[in-house]
Amino acid sequence: MLDVREVRKSFDGFQAVGGVSFTVPRGSISAIIGPNGAGKTTLFNLITGHLVPDGGQVVFKERDVTGIAPHDLCRLGMGRSFQRTNIFPRLTVYENVQAAFVCHRGRGWNLFTPVERLYRPETEALLQAVGLLEKADETSGFLSHGNQKQLELGITLALEPEILLLDEPTAGMSATETRESIRLIERIAADRGLTLLFTEHDMEVVFSIAHRITVLHQGRVIADGTPAEVRGDPEVRRVYLGEGR
Amino acid sequence: MVSAVGGAGRRVPWALLVLVAAFFVPAAGSRFYTFLANDVVIWALFATSLNLLVGYTGLVSFGHAAYFGIGAYTTGILMKKAGVTFLLAFPAAGVVAALFALVFGFFCVRLTKIYFAMLTLAFAQIVWAICFKWNEVTGGEQGMPEIPYPDFGWLERIGTVLPVVAGYRTSEHFYFLTLVLVAVCFWILRRIVASPFGRMLTTIRENPERAEFIGVNVRRYELAVFVLAGAFAGLAGGLFGIFNRGVFADFAYWTKSSEVLIMTLLGGMGAFYGPALGALVLLWLNQQIVSVTEYWPLILGSILVILLFVFPGGLAGALGALRDRLVRRPSGA
């Protein structure tokens, strides 16, 4: 489904990502882990078109999508959520998700019909699925952090993605919130047959749901495999798991 | 905030009431008040067109007067030099301004924030300089005086049958015409901001990075709204040239751009009618205070400072907060 080949990126001579390759099979749940500064978010930005790689290739659904604009990738079926919560803060919860529906279904260039009632059933169903229906009319910027993350997931799902890229979906959450939101993500991915690729710092989360794990260290892949393989890898134990404890 | 104001508008048709009241200004007030009302109506359209950019899309233009000036010259030149009827010369102002906005906007939307603002200003100053120097076409420094009024002969003919419309001066006829045209423009603008397109603009204002990743082609939307805002500013300029009985290069000067920006901020860019309210208050205050003291800019500056600190949402924001307080109290008790 997603094939990353030898992708590289430097900032002012500092190599943030140096020749990273991995594959995400359709329907799988894959995770990218690594210490802070390992290049996880940069790698995400390279895949999703926010940054253009210095070299290498990103292939999505057998199509070379290296460096194409985010709004085009989005139309091809790649959905992404962000590490720092990324919503439309002065719009209501309802308007946030509805805007995504309007745009994704190509109604954004309509200048003359009232937007208010457009895609109401779809929006409400999706808000129900992410557990935000009672808060539909609240201004999204005033929601709790956990709720904002749920909303972000809702916005992303409105784009009917085939693959979902989640950058630290549980960053800043309490242990309970983390467990709940991981269960939510897992359920939604299963219901909709989504492919998931996520970065995460919480090892318990990663090893409990991921089918495949790619370990990044200083911009390079040091291990790639099933959770059991990665857990047993001596290099990983040395640079990452060992250091973390 | 935007939707809250819109919600109130549906319960009481304020816009319609104001429009009807405005038709009685010539009959009720003096000639001076008709003049002032005409000025306000045109500037209200100009400021509201700017608010498409500033309030709805989050693009601060420092050069919006360029399109106002281009519209004024278009209508002026067509009517005075080519003898074209107002029926064509007026829409032409919008079309020509839109074309210029398309060209300038193409470059401007490639920049963000202060760089965007500076480039809009640069283009506006180019427009001003050309208007100021190109004597053969624009009249240069002297400007282009004596733009004719549209032909109101038909109104006088109706007046012989329908005495209600009789007995007004040409300037008052023009005021009525302005009211109708601006009301139509406001109706269109209102539809646009409440449309799916309008919603996409607010997502760009709120978070352009995220907007890209719900599939919004941010630059293309920004260019589209830049052209729309330019078109309506051009229409306002077309009316203003006739109202002012002449078109001058300073219509496109940066002071005009800042004036319209101040109106938008003063009135409140969070509400659809905020900039119109700003135009009313600023022009009325200007007339009142100028007749009392020469320190008008000082007083205006003080008012602005107070407003920005006390009511960040502008006058419309303050009125909205007041209404919320009045409405909530009885229902809460």
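## A walk through two chains

Start by selecting helix α2 (residues 14-23) and helix α10 (residues 170-193) of chain B: they pack at an angle of about 165 degrees, with their axes 10 Å apart. This is a predicted model, where local features need pLDDT of at least 70, side-chain atom pairs count only at pLDDT 80 or more, and totals for chains, interfaces and linings use all residues. Residues are numbered from 1 along each chain as its sequence is written, while chains are lettered from A and ligands numbered from 1 in the order in which they are written.

Helices (H or I, at least four residues) and strands (E, at least two) are DSSP runs, numbered from the N terminus. Axes are lines fitted to C-alpha atoms, for helices over the stretch in contact, and angles run from 0 to 180 degrees between N-to-C directions.

Now show the side chains. Leu19(B), Ala22(B) and Phe23(B) in α2(B) meet Phe176(B), Leu179(B) and Ala183(B) in α10(B); contact means that C-beta atoms, placed from the backbone, lie within 7 Å. The residues of this contact are six nonpolar, no polar and no charged (Ala, Val, Leu, Ile, Met, Phe, Trp, Tyr, Cys and Pro count as nonpolar, Asp, Glu, Lys and Arg as charged, and the others, Gly among them, as polar).

Next, bring in chain A: 28 of its residues are in contact with 21 residues of chain B. On the chain B side, α11 (196-206) gives the largest share, eight residues.

Move to chain A and select β2, β1, β4 and β5. They form an open sheet in the order β2-β1-β4-β5, with antiparallel pairing; strands pair if DSSP finds at least two bridges between them. β2 (14-24) and β5 (63-64) of chain A stand at the edges with a single partner strand each, so one side of each has no neighbour in the sheet. Zoom in on Phe60(A), which stands opposite Arg63(A) in β5(A). Helix α1 (residues 40-47) of chain A packs on the sheet, touching β1 (2-11), β2 and β4 of chain A.

Finally, colour chain A by domain: domain 1 is 1-77 + 163-245 and domain 2 is 86-160, with bounds from an automatic or database domain assignment. Their centres, taken over C-alpha atoms, are separated by 26 Å. Ten residues of domain 1 of chain A are in contact with ten of domain 2 of chain A.

Definitions and conventions: Contact = placed C-beta atoms within 7 Å.
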